[in-house]
Each structure stands twice: as structure tokens, then as C-alpha cells.
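Hi everyone, thanks for coming along. Let me put the sequence and the structure up, and then I'll walk you through them.

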Amino acid sequence: MAPAQKRLRCSIAARFVIAHPGNYEPLTAFDAETGKVRWIAGDSGAYASPMIAEFDGDRQVITVTQESVIGVSPEDGRVLWRYPWKYGVNAITPTVHDDMVIVSGQNMGVTAIRPVRRNDVWAVEVVWETKAV
């Protein structure tokens, strides 16, 4: 791949293709049929790929930005929750295990967070973390 080319990492949610396009662009949903931008959410993107997960019955797009880990509504791009994860080299795609999002980054350790909904408001609880990796 030539140096000027970028790889597009994306998730497909029903009728949208969701990605961090271009050079650190925010999470963007494109209409799968037309390519039209449907919504843009969050901060500048990192190297991690967005993924689809379900928490408390709601499908969410989970991604890492240069500032945080976020859960986004795939339908309208609303940021449902945010966990500060300051950009170092955020190149590791988070993984979901049971009801947790596990995230890591260069020189950042590993942290497991749990998105929880209380009275229709999303929040994040830290389940565990370690810097010893």
C-alpha cells in the first residue's frame, strides 16, 4: 500500500456503513445504498475499528477516539456514553466480553468498563484495570 493510502476500517449496521474515514475523522455513518453521510459523532478518530455490540437491549457502535471510548446509537449518531481514554496510540480495537468493553492502548494498560443505563441515562463503571502489561 502506498504511503498516502489509508485503510478504511468499518462496521455495517443494517443500512449504514460506519467508519472513521480519512485522516482521523470522527465516527461517520454512510448510507449503504447511496454513500450519503447520515450522521457524524464523537471526537477525532483513532486507529481502532468501530464495532457493534448490544447493552441492555440497545445496539451500540463502540469505538475509540483520540480522547475517549464511546458508545453511539447506530440509528442517529447520539453519543450514549463516554469514558476518557486519552490518545496515546489508540490502535487496539476494543473487545466486548459479556457486559464489558475491554480496551487497551500503547503504554495505557488494560481497562474493563461496563456501560450501564440508569433511568434512561447511560453511564460507565470501571470493572477492573491494570497497568502491569
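Before we look at any pairing, a word on terms: two strands pair if DSSP finds at least two bridges between them. The strands themselves are DSSP runs (E, at least two residues), helices are runs too (H or I, at least four), and both are numbered from the N terminus. Please keep in mind that this is a predicted model, where local features need pLDDT of at least 70, side-chain atom pairs count only at pLDDT 80 or more, and totals for chains, interfaces and linings use all residues. Residues are numbered from 1 along each chain as its sequence is written, and side-chain values use heavy atoms, with hydrogens and water left out.

So, the overall picture. The protein has 0 helices and 12 strands. Of its 133 residues, 43% count as buried; buried means under 20% relative accessible area, exposed over 50%, and partly exposed in between, with a 1.4 Å probe and protein chains only.

Now to one of the sheets. Four strands form an open sheet in the order β5-β6-β7-β8, with antiparallel pairing. The edges are β5 and β8 (79-84), each with a single partner strand, so one side of each has no neighbour in the sheet. From one strand to the next, the twist averages 30°; the axes behind that are lines fitted to C-alpha atoms, for helices over the stretch in contact, and angles run from 0 to 180 degrees between N-to-C directions. Inside this sheet, β7 (residues 68-72) runs antiparallel to β8, and 5 bridges join the two. V69 faces Y83 in β8.

There is another open sheet of 4 strands, in the order β9-β10-β11-β12, and its pairing is antiparallel. Here β9 (95-97) and β12 are the edge strands; each has a single partner strand, so one side of each is left without a neighbour in the sheet. On average, neighbouring strands are turned by 30° against each other, direction ignored. β9 pairs with β10 (residues 100-105) in the antiparallel sense over 3 bridges, and T95 stands opposite I102 in β10.

How many aromatic pairs does the structure hold? There are 2. Rings of Phe, Tyr and Trp (its six-membered ring) pair if their centres lie within 6.5 Å; planes under 30 degrees apart count as stacked, over 60 as edge-to-face, and the rest as tilted. Y24 and Y47 have ring centres 5.7 Å apart and planes at 70°, so this pair is edge-to-face. This pair links distant parts of the chain, 23 residues apart: Y24 lies in the loop between β2 (16-19) and β3 (27-31), and Y47 in the loop between β4 (37-41) and β5. Y24 counts as partly exposed because its relative accessibility is 30%, and Y47 is partly exposed at 40%. The rings of Y83 and W85 have centres 6.5 Å apart and planes at 35°, so that pair is tilted. Both Y83 and W85 are buried.

Last stop, the backbone. D56 has a positive phi of about 50° although it is not a glycine. You'll find D56 in the loop between β5 (51-55) and β6 (58-64), and it counts as exposed because its relative accessibility is 54%. D120 is not a glycine either, yet its phi is positive, about 65°. D120 lies in the loop between β11 (109-118) and β12 (121-130), and is exposed, with a relative accessible area of 69%.
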